[in-house]
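Visitor: I'm new to this one. Can you walk me through it while I look?
Guide: Go ahead and ask.

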There are 2 protein chains.
Amino acid sequence: MSKNQELGITESKEHNTGEWYAEVVQKAGLANYAPEGMSGFIITRPRGYALWESIQQNLDAKFKKTGVQNAYFPLFIPESYLEREKDIVEGFDPEVAWVTHGGHDELEERLAVRPTSESIIAPYMAQWVRSHRDLPLRVNQWASVVRWEATDTKPFFRTKEFLWQEGHTAHETHDDAWEETITRLDQYQSMYEDLLAIPVLRGQKPDHDKFPGAHTTTTVEALMPDGKSVQAGTSHHLGTSFAEAFDITYSDEDDEIQAAHTTSWGLSWRSLGALIMTHSDDQGLVLPPTIAPEQVVIVPIWQEDTQEEVLSYAEGVKKELEDAGIRVELDAREQHNPGFKFNEWELKGVPVRFEIGPYEVADEEITVVHRPDGESTKEDRDGIAEAVIDHFDEVYAKLYATAEENLAENVREADSREEILGTIGQHGGYVKTPWCGDESCEDVIKEPLSAEIVMCPFDDDEALDDDAVCSICGEQATQTAYFAKNY
Amino acid sequence: MSKNQELGITESKEHNTGEWYAEVVQKAGLANYAPEGMSGFIITRPRGYALWESIQQNLDAKFKKTGVQNAYFPLFIPESYLEREKDIVEGFDPEVAWVTHGGHDELEERLAVRPTSESIIAPYMAQWVRSHRDLPLRVNQWASVVRWEATDTKPFFRTKEFLWQEGHTAHETHDDAWEETITRLDQYQSMYEDLLAIPVLRGQKPDHDKFPGAHTTTTVEALMPDGKSVQAGTSHHLGTSFAEAFDITYSDEDDEIQAAHTTSWGLSWRSLGALIMTHSDDQGLVLPPTIAPEQVVIVPIWQEDTQEEVLSYAEGVKKELEDAGIRVELDAREQHNPGFKFNEWELKGVPVRFEIGPYEVADEEITVVHRPDGESTKEDRDGIAEAVIDHFDEVYAKLYATAEENLAENVREADSREEILGTIGQHGGYVKTPWCGDESCEDVIKEPLSAEIVMCPFDDDEALDDDAVCSICGEQATQTAYFAKNY
């Protein structure tokens with residue numbers, strides 16, 4: 001099938017992953033780059049935004065079922081608030097956009113466009129929490145944030161403004177806060193695995209790479225096709241450090257004042273970048289049926305004398321699917337031939353195509369084609385709205401299996417500095433290895449290769465042998481470390 | 001029933017509407033004022049945000065059913081873009097917050113925090129529209145915007161940052177754009193009438209009060225209890241002026257280049273302010289069951305020896321309501337007596353209260369009490385999940401009827417300048433009167449009384465007599481004008 005060059009993807013996923021990604025994002029109609037003077041910003045087009053809405057809805061439902069309420073805090077944060085957070089939180093020094101003027105007047109104090117909101121949320125949590133009866137307190141905010149980092153723009157991965165959610169909670173005990181931390185990590189993992197068809201690794205960040213001030217930072221990591229890891233969502237157990245600094249205290253059952261144990265957790269539209277990057281191919285966007293704006297496209301194939309019967313049959317199929325709650329598009333445009341339409345809908349990532357021509361009409365059948373592998377089967381017209389669900393499941397399973405296989409093939413073991421460097425240098429992906437917990441043993445990998453420890457699995461998921469030694473220094477190992485290059 | 005002073009409302013809706021409103025907003029847990037250095041901003045608490053989410057969901061579903069897609073445009077707009085809009089649109093000169101620095105560097109061009117987004121949306125609509133086949137194009141954005149107006153803060157009515165949606169569409173013909181304009185106005189009206197229990201007036205703004213550059217500005221107006229009108233949502237037919245300025249053109253079926261006809265329409269969280277203001281009373285927040293976060297609160301009434309049976313009965317009722325999809329809260333707190341709970345849930349605006357004590361248990365009944373009028377009835381325990389729906393309908397009908405009656409009583413006719421001034425001065429509300437269409441005939445009302453023409457009904461809704469003359473100048477009348485003070 002010949003490819004329309006203007007419409008189609010010209011770059012190769014394998015050879016030029018970055019350019020290919022940028023091309024898919026734009027040609028599939030997901031986003032545009034912002035105009036001159038606004039580099040680092042993007043325009044999220046309806047097709048891209050619909051995907052983000054699906055991610056939002058999936059997580060928002062999970063959050064609400066588990067006691068989270070949404071709230072909205074101001075877009076701006078006074079400089080003194082950020083300074084206060086800097087004092088509290090060693091290492092916190094975000095680059096931000098500064099508002100200095102309101103109307104024609106200079107402001108007395110500069111306002112930061114929020115880079116993250118804990119410095120304005122925490123003081124209000126302190127007001128709202130009085131007694132142990134007010135706990136747990138869980139608030140979440142869906143919002144845009146701005147970080148003024150000068151890097152190459154990569155839509156959904158690296159932009160100065162991005163969309164995300166940040167959740168903030170307060171609890172009576174350390175264990176309650178830990179349970180909360182893991183609940184949110186589980187929800188992130190399940191969103192990736194059950195909505196986006198992306199298997200993830202989970203674990204905690206090394207102590208020296210935690211969120212500043214956190215007791216523990218947990219993460220889900222996804223492997224991208226270029227062999228790099230994406231930090232796909234993080235959930236922080238903050239201990240009592242934020243509570244002490246911002247005075248989030250409660251009176252316990254004995255009327256004693258106690259510091260609360262807090263958490264925060266966030267996931268951004270980087271998840272959308274991971275979705276696009278993971279499944280798409282040289283024909284364009286590939287989406288799992290769970291999230292595709294159109295799950296099925298019907299392409300009618302007619303000659304002049306068969307147009308009426310083909311169209312009428314196709315419309316009947318469309319109606320039946322719609323009535324069953326399936327997102328379906330009938331492409332009855334007369335100015336394009338079926339081949340053009342196949343290419344266009346492949347580019348746009350529709351997971352299931354129905355081809356309907358005179359033969360299908362005569363046989364009361366439908367030709368069903370899967371994206372991305374082109375597998376084609378015939379289904380009876382009768383009961384198609386049920387049968388198509390099985391096709392969705394099959395397509396989802398294929399996408400997931402491919403990603404899972406890629407992940408499994410790209411977790412390798414190594415037990416020396418040279419082997420770690422050599423393995424990541426040659427294959428990318430993850431190298432897992434016993435580690436002593438010392439930052440200097442990470443540095444010797446990081447410096448030559450920009451690969452770092454992206455996570456250490458939880459003991460419950462992957463226990464370390466008692467007698468394991470650090471692959472780098474040979475001292476007693478305390479954790480298993482996953483090294484990888486990352487975004 | 002004695003009122004807890006700390007908890008309860010101390011101001012009077014009738015006598016101090018402004019103070020009463022601020023107290024309800026804060027004590028019902030809807031919003032807090034932002035801290036020093038951030039005057040004009042508010043913290044939207046979960047209870048307030050949940051109401052905004054309901055409004056969003058209601059409108060978003062309507063929009064999507066009628067062909068609108070959501071998108072997301074950058075938070076910032078280069079100064080040159082706003083200047084361009086100023087050149088195009090006489091009278092457009094918003095006070096904005098200016099970002100002048102990113103990180104440690106001064107920006108080459110200042111960026112405005114968006115006060116509204118047409119100047120960045122329109123250039124992209126111009127890119128996306130090529131052919132008549134791309135029309136209609138409909139995009140909507142849910143976002144926060146900032147207008148640096150120095151006025152007394154009034155949560156949801158007057159804040160420097162506010163949440164809203166702005167829709168932007170392009171069409172082939174003038175009539176298509178008009179149909180779009182009215183579709184959105186109808187949807188706003190229906191949201192007010194069917195979700196918020198607020199009847200509205202609808203019509204168009206006088207020519208001199210249109211959105212700058214618009215062909216027609218249409219509005220829905222709601223009457224507040226202090227006799228002022230709130231512009232509750234606007235929908236603009238922009239003609240071809242924006243399309244010409246921003247080059248939103250398409251090739252028609254004959255391959256001729258044509259300017260598109262565009263619309264824009266917006267509704268903000270002011271709708272939430274109108275909701276709170278309209279129904280609430282001196283006991284606190286009043287919400288229709290359609291939008292109340294808790295539709296029913298169950299207050300158990302026990303003595304020590306009846307606690308177990310009462311609670312168990314109440315829990316059974318709660319479960320049955322939950323299973324039926326009803327939002328229900330069981331207030332089983334031991335540290336508060338029933339009277340305290342009644343007051344607290346009245347303050348918070350729960351529309352239906354179930355009282356369950358030993359008598360209810362014995363008789364297999366439930367005492368059902370309505371907010372705000374305290375009407376109390378007994379219902380059989382059996383079938384309560386169905387019976388409560390009737391109560392929701394009754395409460396909704398009562399709230400709507402009260403608001404409708406208030407509106408009907410406060411639309412008065414007058415046929416001279418003195419009568420208009422006297423009527424609004426004495427009663428507030430609306431005065432309807434024939435008008436010649438000349439701004440100077442509005443000015444003579446506006447100057448002494450700050451009352452203006454808030455809308456002129458559409459001919460289809462309310463036709464003018466052929467021989468009517470302007471009440472102010474005595475010339476031929478062209479429209480019916482509704483004068484009112486407004487927010």
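Visitor: Which residue does D186(A) form a salt bridge with?
Guide: D186(A) pairs with R202(A), and the closest N and O atoms are 2.5 Å apart. Keep in mind that this is a predicted model.

Visitor: Where do the two sit in the chain?
Guide: D186(A) is in helix α5 (residues 174-194) of chain A, while R202(A) is in strand β9 (residues 201-204) of chain A. They are 16 residues apart, so the pair links distant parts of the chain.

Visitor: Is R202(A) buried or exposed?
Guide: R202(A) counts as buried because its relative accessibility is 17%, and the cut-off for buried is under 20%. D186(A) has 34% and counts as partly exposed.

Visitor: How many salt bridges are there over all chains?
Guide: A search of the whole structure finds 54.

Visitor: Give me one from chain B. What does E322(B) meet?
Guide: The side chain of E322(B) meets that of K318(B) in a salt bridge, at 3.7 Å from N to O. Both residues lie in helix α8 (residues 307-323) of chain B, four residues apart, which is about one turn of the helix.

Visitor: Why does a spacing of four places matter in a helix?
Guide: An α-helix has 3.6 residues a turn, so residues three or four places apart point the same way.

Visitor: Are E322(B) and K318(B) buried or partly exposed?
Guide: E322(B) is partly exposed, with a relative accessible area of 40%. K318(B) is also partly exposed, at 26%.

Visitor: And K341(B), what is its partner?
Guide: K341(B) forms a salt bridge with D331(B), at 3.8 Å from N to O. K341(B) lies in helix α9 (residues 338-348) of chain B, and D331(B) in the loop between β16 (328-330) and α9, so the pair ties together parts that are ten residues apart in sequence. K341(B) is buried, with a relative accessible area of 1%, and D331(B) is buried at 2%.

Visitor: Staying with chain A, which residues of helix α9 are buried?
Guide: In helix α9 (residues 338-348) of chain A, the buried residues are K341(A), F342(A), N343(A), E344(A), W345(A), E346(A) and L347(A). What covers them includes α1 (17-27), β15 (296-300), β16 (328-330) and β17 (352-356) of chain A.

Visitor: What is there at the start of α9(A)?
Guide: A side-chain oxygen of N337(A) reaches to within 3.1 Å of the backbone nitrogen of G339(A). Just after α9(A), G349(A) takes a positive phi of about 85°.

Visitor: New topic. How many residues does the contact take from chain A and chain B?
Guide: It takes 50 residues from chain A and 50 residues from chain B. The area buried between the chains is about 4500 Å², and carbon and sulfur atoms give 62% of that.

Visitor: What polar pairings are there between chain A and chain B?
Guide: There are 25 residue pairs in polar contact. The count of salt bridges between the two chains is two. K64(B) forms a salt bridge with E53(A), with the closest N and O atoms 3.2 Å apart.

Visitor: Which strand gives the most to the side of chain A that touches chain B?
Guide: Strand β5 (residues 97-102) of chain A does, with six residues. By class, that side of chain A has 30 nonpolar, 13 polar and seven charged residues.

Visitor: What does β5(A) join to?
Guide: Five bridges join β5(A) to strand β5 (residues 97-102) of chain B, and the two run antiparallel. The bridge partner of A97(A) in β5(B) is G102(B).

Key: Residues are numbered from 1 along each chain as its sequence is written. Chains are lettered from A and ligands numbered from 1 in the order in which they are written. This is a predicted model: local features need pLDDT of at least 70, side-chain atom pairs count only at pLDDT 80 or more; totals for chains, interfaces and linings use all residues. Side-chain values use heavy atoms; hydrogens and water are left out. A salt bridge is a side-chain nitrogen of Lys or Arg within 4 Å of a carboxyl oxygen of Asp or Glu. Buried means under 20% relative accessible area, exposed over 50%, partly exposed in between (1.4 Å probe, protein chains only). Contact means heavy atoms within 4.5 Å. Buried area is the accessible area (1.4 Å probe) that two parts lose on being put together, summed over both. A polar contact is a pair of N or O atoms within 3.5 Å; within protein, one must be able to donate a hydrogen and the other to accept it, and residues adjacent in sequence count only if both atoms are side-chain atoms. Ala, Val, Leu, Ile, Met, Phe, Trp, Tyr, Cys and Pro count as nonpolar, Asp, Glu, Lys and Arg as charged, and the others, Gly among them, as polar. Two strands pair if DSSP finds at least two bridges between them.
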